[in-house]
Amino acid sequence: MIQFQYVRTSTPKAAVDAVSKTQNARFIAGGTNLVDLMKRNIMTPEKLVDINNIPLKGIEQQGNKIVIGALALNSQVADSKLVQEKLPLLSQSLNAGASAQIRNMATVGGNMMQRTRCNYFYDTAMPCNKREPGLGCGALEGFNRMHAIFGTSEKCIAVHPSDMCIALVALDATVVAAGPKGERRIPFAEFHRLPGDTPEKDNNLMENELITAIEIPDNAFTRNVHYLKIRDRASYAFAVISVAAALHIENNTIKDARLAMGGVSHKPWRLSEAEKALIGKPASEKTFRNAAEIAMQGAKAYKHNAFKLKLGPNTIVQALKNAAEPV
Amino acid sequence: MLRNPCESKEKSLNQQIMNEAFFDKKDYKSLDRVDGRLKVTGAARYSAEYQLPGLVYAVLVESKIAKGTIKSIDSRAAERAPGVLAVISHVNAIKVPGYQTSNQHPSEPPVNGQPLRAFYDNNVYYNGQPIVAVVASTLEKAQFGASLVKIQYEKEQHKTDFDANMDNAVLPAQAKKNPKSPVADYNRGDKNAFVNAPVKIDAEYVLPTEVHNPMELQAITAYWEADDRLTLYDKVQGTQPTQQHFAKEWNLPPENVKVIATFVGGAFGNGLHNWPHETAAIIAAKQVKKPVKLVLTREQMFTMVGYRPYTWQKIQMGATKDGKLVAINHESVGQTSSYEEFTESTLQQTRMMYASPNVNTRYRILKLDVSTPIWMRGPGEATGAFALESAMDEMAFSLGMDPIEFRLMNYTDSDPDKQLPWSTKYLKECYDAGKEKIGWDKRKMQPGSVRSGEWLVGYGMGTGTFGANRGAAAVRAQLDADGNLLMQCAITDIGPGTGTAMVQIASNTTGISTDKIIFQLGNSQFPKAGNQGGSSTVNSVGPAVQAACNALKEQLKTMIASKGGSNAAFASAKKEDIVFVNGQVQIAGNDSAKVDIRTLFKQNNIQKMETTQESRPDENRNKYSMYAFSMHFAEVHVHPLTGQVCVKKVVCCGDAGTIISPKTAANQMIGGATGGIGMALTESAVIDHRFGRYVTKDFAEYHVPVHADVPHIEVFFVNKPDTLADPVGSKGLGEIAIIGVAPAIANAIFNATGKRIRELPITPDKLI
């Protein structure tokens, strides 16, 4: 590991100030991803600004939304009574991610800031435009089994690794960020980016901005929800494909629907057209299959991930079936 | 509705099974691991945990190309970095005497060829080869120094793609030299019998590269106590083989090389070879004149300490319509490095498992620009069993026969390969017990017929076998006046519980209670032992323990009888009747013949009594064919839409002779079944052939099964002694624990889905 400075702060402003003072500084919370990246010399910040002492761990109802502090632990959110009752999809997605030990360390803000797990990004001997712009994309012609099928570019076909974010994009969450110019709100769907020509940028957070909270509006998706994650082993593996499905069903008719996918894109992939195809229809396998086909429009596979073109819609159908008939 | 059978499964009953299920028929009772407390409290010291005075740390820098030469190494920045003591490469490494004197490595090689020599010249043979060692006062400083080393290469075209190069596979050199070599072409009966067989199967099977990946990383602490005296705390499977190896490599008398491996945190075979990182640490220790510790990274475990080779197989199987095997042709191509010819027994079981009159086997190796493979648990047999036992299932299905019925139809009561009687074989007993335990009667011949909610349910089975190997071993036994028995042997314990089993054998032989017996191991200065590998430890060391205990009894008997009087009865007592009870030596069934050990030693003016006994394989090895057998059954649930597989239950039955240590034996079987689940469903080390470099090389990308993948594993043993194999009656079981598991799961998946997957691992994408 390369040497770095380390400071602790206890307010968002102090943290933003501290990080603004050094060119290559990073916030650190749980450190479950950043420390790995530093050990492998993939990220080499000169300064770490520890934000764990900032009081941002709350999970509470504020008016018609639930507000989750950026430093709330993944396990704390997953186990929160309020979240389980009002946002069960979020709780399910969190429990599908990582391991119990990591969920006990990792924070909500950090979860959003995770870097991709692309094999080429993780190996400094391999080309990767995300790690070092201009080196080329190793995955494009390489071992791309885990890679994206939506929104790719010639520069990058990596996927966003989070489970939690798939639920959050489905639930219309808003990101609250504090920066040198004050606080601002970013719709979750606009938080993460597609790779385009700048795959080195994972999200639209501005320089020195700190995520302070996530806001999720009240919704009717308290019963018919399911987060289905298909992976290469039963636990502690990133999604090959995951689907967050939420239905509001009345008299077997779908009143409202939310659908998002993980393991398919550089950002949490919301399936808005498929949602439209669900609304007003009976909650049946035929409806789900139709929505899944719409969802897959525009998908593009690479050498090793063509199976996602079939596993994707199958997983959507199954997630919707599970949501329609909760255990 | 069952949403996911793996999530809803009951809590593992394995522990309960281990405590309860073993019929302690007569001899051996369940004993907790004698070193269990040391292990769980952290008191057990592993090779990286010896904090010698002045200890410094070495970190290896690996090649980033797969083939070529090193043009230059810029080590200036590293040398200037704080705490860095040396940057060592072929440019400045001291001359290793053994490198200069012989082309072939001086010690008895486990693998034919020229092992990779650390820092010897500027050749690069594979991606991930150790090129430079940075030695520093702390690990972090060594790591930082290593990050500053810049290496320039002259690249050459490399070949790592097995499929693209398979036409270049060759007969191993040892088979060219010796037509009787186990890897030479084999024929029994009519060479062309397959062609005219009434029912035929012809299929290819692929096993990807798998990596041992024990929990403990490979580690060595090398210490030159004097210019000509070397001590190694080394994670290896054999202390004396390692001692011999490095004595020759450094041109030292063996007694000047001491190898300590008291505790080994799993190895699965990767400690059966001595590797360049060990020599690197020894060179570094010599150059900086301090003890050097070197621990591989997880990533380096993929390229520096062997792996199970990528293997292609083809089986042609012919049978009559009523299910008699007519012919089996089995071909295998395994990958190896460009500099060593690694071979394994992939095809052995095809020659002996079933009563086929006509058998051909053909073994080839493919030399690629990769590191050398090495035996990985259940070595070639586990690879071969995947093909053979899958093919048996395919044939049974073609014949419309139950897979067990088909196997029984072709059961053989003697070894058709060696044409010798079995020493023992209780595979039928395994079939019977396993069938009942897995609920085989619920299986339907037609795939996809059984469901649990949305999930397809399937049942499958696979047979395993492995030679009941035995080598020479010696044990020193020492009895003190308090009746404590201390034993020593150079053998290692890589996890199976060797100390525990040996304490039980000693207790069983002497009657001394297990808490008064200590078995010390893992030190090259102790009496003779080879590697712990090939399921040979209990069969080799166990008889030496027995012999040493019996020799002690003889000494005691003579000593007691020489006193005359009532003790004269001892002179004619059989050694089996001499027992130790509460510090007294007794003749069983004769209450008057009792002698207190303390008094006896005092009378004879001795502190303790000692003997060292060696035990060797006997001529029975030429008269009988000796194998351990196993039977694995699996129940799987497969989701038809998503391809998720849940192994719901595994039943394992071992025919391993006498079960010495029921708990640790069960532990072996459960661990083997878990490894088999990994083979079947999750494990695969993938190379990007453009770079010749692994892309799945950590625990996030190389998937070993986690608890959620591992179901209830029920373990049974036949527990009948094989005293022809060795005097303790054991046949070994570390290997048979995994051999046959992967095909059992693959066969169960076929039974569930009708999809025959012949390339492992069976990930969800292959089932949709």
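Colleague: What makes the seven strands in chain B an open sheet, and in which order do they come?
Modeller: The order is 3-6-1-13-10-11-12, with mixed pairing. Strands are DSSP runs of E of at least two residues, helices are runs of H or I of at least four, and both are numbered from the N terminus. Two strands pair if DSSP finds at least two bridges between them. Strand 3 (84-88) and strand 12 (257-260) of chain B each pair on one side only, and these are the edge strands. Neighbours in this sheet are turned by 20° on average, direction ignored. Keep in mind that this is a predicted model: local features need pLDDT of at least 70 and side-chain atom pairs count only at pLDDT 80 or more, while totals for chains, interfaces and linings use all residues. Residues are numbered from 1 along each chain as written, chains are lettered from A and ligands numbered from 1 in written order, and side-chain values use heavy atoms, without hydrogens and water.

Colleague: How do you know that strand 10 and strand 11 of chain B pair?
Modeller: They share six bridges, and two would do, so they count as a pair. Strand 10 (219-226) runs antiparallel to strand 11 (229-234), with Tyr223(B) opposite Thr231(B).

Colleague: What makes you say that helix 5 of chain B packs on the sheet?
Modeller: Helix 5 (139-147) of chain B touches strand 1 (56-62), strand 3 and strand 6 (130-136), where contact means heavy atoms within 4.5 Å. Its direction makes about 25° with that of strand 1 of chain B. Such angles run from 0 to 180 degrees between N-to-C directions, with axes fitted to C-alpha atoms, for helices over the stretch in contact. Helix 8 (239-249) of chain B lies across strand 11 and strand 12, at about 145° to strand 12 of chain B.

Colleague: Why are strand 20 and strand 33 of chain B said to stand at the edges?
Modeller: Strand 20 (450-452) and strand 33 (712-717) of chain B have a single partner strand each, so one side of each lacks a neighbour in the sheet. The five-strand order there is 20-21-29-30-33, again open and mixed. Between neighbours the average turn is 25°, direction ignored. In this sheet, strand 21 (455-467) and strand 29 (627-638) of chain B run antiparallel, joined by 12 bridges, and Gly464(B) faces Ser630(B) across them. Helix 20 (741-753) of chain B packs on the sheet at about 155° to strand 21, touching strand 21, strand 29 and strand 30 (645-655).

Colleague: What is the area buried between chain A and chain B?
Modeller: About 3,200 Å², with 58% from carbon and sulfur atoms; that is the accessible area (1.4 Å probe) lost on putting the two parts together, summed over both. Met126(A), Asp232(A) and Arg233(A) supply 18% of what chain A buries against chain B, more than any other three residues. The contact takes 40 residues from chain A and 34 from chain B.

Colleague: Why is the meeting of Asp123(A) and Arg693(B) called a salt bridge?
Modeller: The rule wants a side-chain nitrogen of Lys or Arg within 4 Å of a carboxyl oxygen of Asp or Glu. The N to O distance for Asp123(A) and Arg693(B) is 2.7 Å, so the pair qualifies. Five salt bridges are counted between chain A and chain B.

Colleague: Which element of chain A gives the most to the side that touches chain B?
Modeller: Helix 11 of chain A, with eight residues.
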